[in-house]
Amino acid sequence: MKLQINEKFLEIDAPEDTPLLWILREEAGLTGTKFGCGRALCGACTVHVNGDPKRSCVLAVGDCVGKKITTIEGLPAPDGTLHPVQEAWIAENVPQCGYCQSGQIMSATALLAKRRAPTDAEIDAVMSANICRCGTYPRIRAAIHRAAQTMRDQEQAHETPQVPADSAK
Ligand code: FES
Ligand code: FES
């Protein structure tokens with residue numbers, strides 16, 4: 001079967017009920033997505049499928065055919081520019097041990113794709129489903145607010161027409 005992962009196509013030969021996480025790590029070599037519980041409980045394995053956050057440890061690869069899969073490796077722009085959420089994570093020094101963090105970032109980017117200015121309560125409701133044993137939640141919340149602001153600023157800059165310097169003459 002053929003999978004689309006981070007804008008590339010990968011032909012795999014595996015049973016359809018193989019967890020997507022196995023394919024990502026073992027076949028595609030994308031080890032940024034982590035194995036935590038293997039039972040959809042911790043969120044360490046979160047990736048996007050057609051833009052929605054999914055737990056890849058319990059998602060059958062056969063259900064991903066014809067869909068767009070994005071992992072943490074696929075978040076930066078093609079020129080390597082980090083996603084605003086990744087930038088915010090660095091600016092707020094979010095990770096401690098780091099193990100849960102790619103899952104946290106994938107959940108945060110999915111949240112911000114739907115909510116431009118999430119409240120603390122909305123952030124907590126979504127992000128508490130991703131377990132961080134190091135307790136980085138206060139920094140996760142700060143980073144999400146920071147990234148949301150950056151994304152709104154970028155959107156506004158994009159929407160504001162640039163007036164040519166000599167048009168004021
Ligand atoms: S490893 Fe998938 S939810 Fe924990
Ligand atoms: S940073 Fe250690 S588990 Fe989250």
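Author: Helix 3 has its buried residues covered by, among others, strand 3 (46-49), strand 4 (52-55) and strand 5 (68-70). Helix 2 (84-91), helix 4 (120-127) and helix 5 (137-159) are also included in that cover. Helices (H or I, at least four residues) and strands (E, at least two) are DSSP runs, numbered from the N terminus. This is a predicted model: local features need pLDDT of at least 70, side-chain atom pairs count only at pLDDT 80 or more, and totals for chains, interfaces and linings use all residues. Residues are numbered from 1 along each chain as its sequence is written, and side-chain values use heavy atoms, with hydrogens and water left out.

Reader: How many residues of helix 3 are buried?

Author: Twelve of its 14. Buried means under 20% relative accessible area, exposed over 50%, partly exposed in between (1.4 Å probe, protein chains only). The buried ones include Gln101, Gly103, Ile105, Met106 and Leu111.

Reader: How far apart are the end C-alpha atoms of helix 3?

Author: They are 20 Å apart. The 14 residues, 101-114, should span 20 Å at 1.5 Å a residue, so the two values agree. The expected span is 1.5 Å times one less than the number of residues.

Reader: Pick a residue there. What is Ser107 in contact with, beyond its neighbours within four places in sequence?

Author: Thr46, Met127 and Asn130. Contact means heavy atoms within 4.5 Å. Ser107 sits in helix 3 and counts as buried because its relative accessibility is 6%.

Reader: Switch to the strands. In which sense do strand 3 and strand 4 pair?

Author: Antiparallel, over four bridges. Two strands pair if DSSP finds at least two bridges between them. His48 stands opposite Pro53 in strand 4. The hairpin has two residues between the strands, and Asn50 there takes a positive phi near 50°.

Reader: And Val49, buried or exposed?

Author: Buried, because its relative accessible area is 6%. Val49 belongs to strand 3. Leaving aside neighbours within four places in sequence, Val49 is in contact with Lys54, Leu59, Lys67 and Lys68. The C-alpha atoms of Val49 and Lys67 are separated by 6.4 Å, though the two are 18 residues apart along the chain.

Reader: Now helix 1. Which residues are buried there?

Author: Leu20, Leu21, Ile23 and Leu24, in a helix of residues 20-27. They cover an arc of only 165° around the axis, which puts them on the same side of helix 1. That arc is taken from the directions from the helix axis to the C-beta atoms. The buried residues pack against strand 1 (2-5), strand 2 (8-11), strand 3 and strand 5. Just after helix 1, Gly29 takes a positive phi of about 70°.

Reader: How many aromatic pairs does the structure hold?

Author: One. The rings of Trp22 and Phe35 have centres 5.7 Å apart and planes at 75°, so the pair is edge-to-face. Rings of Phe, Tyr and Trp (its six-membered ring) pair if their centres lie within 6.5 Å; planes under 30 degrees apart count as stacked, over 60 as edge-to-face and the rest as tilted.

Reader: What does the pair tie together?

Author: Parts that are 13 residues apart in sequence, because Trp22 lies in helix 1 and Phe35 in the loop between helix 1 and strand 3. Trp22 counts as partly exposed because its relative accessibility is 41%. Phe35, at 38%, counts as partly exposed too.

Note on methods:
Chains lettered and ligands numbered in written order.
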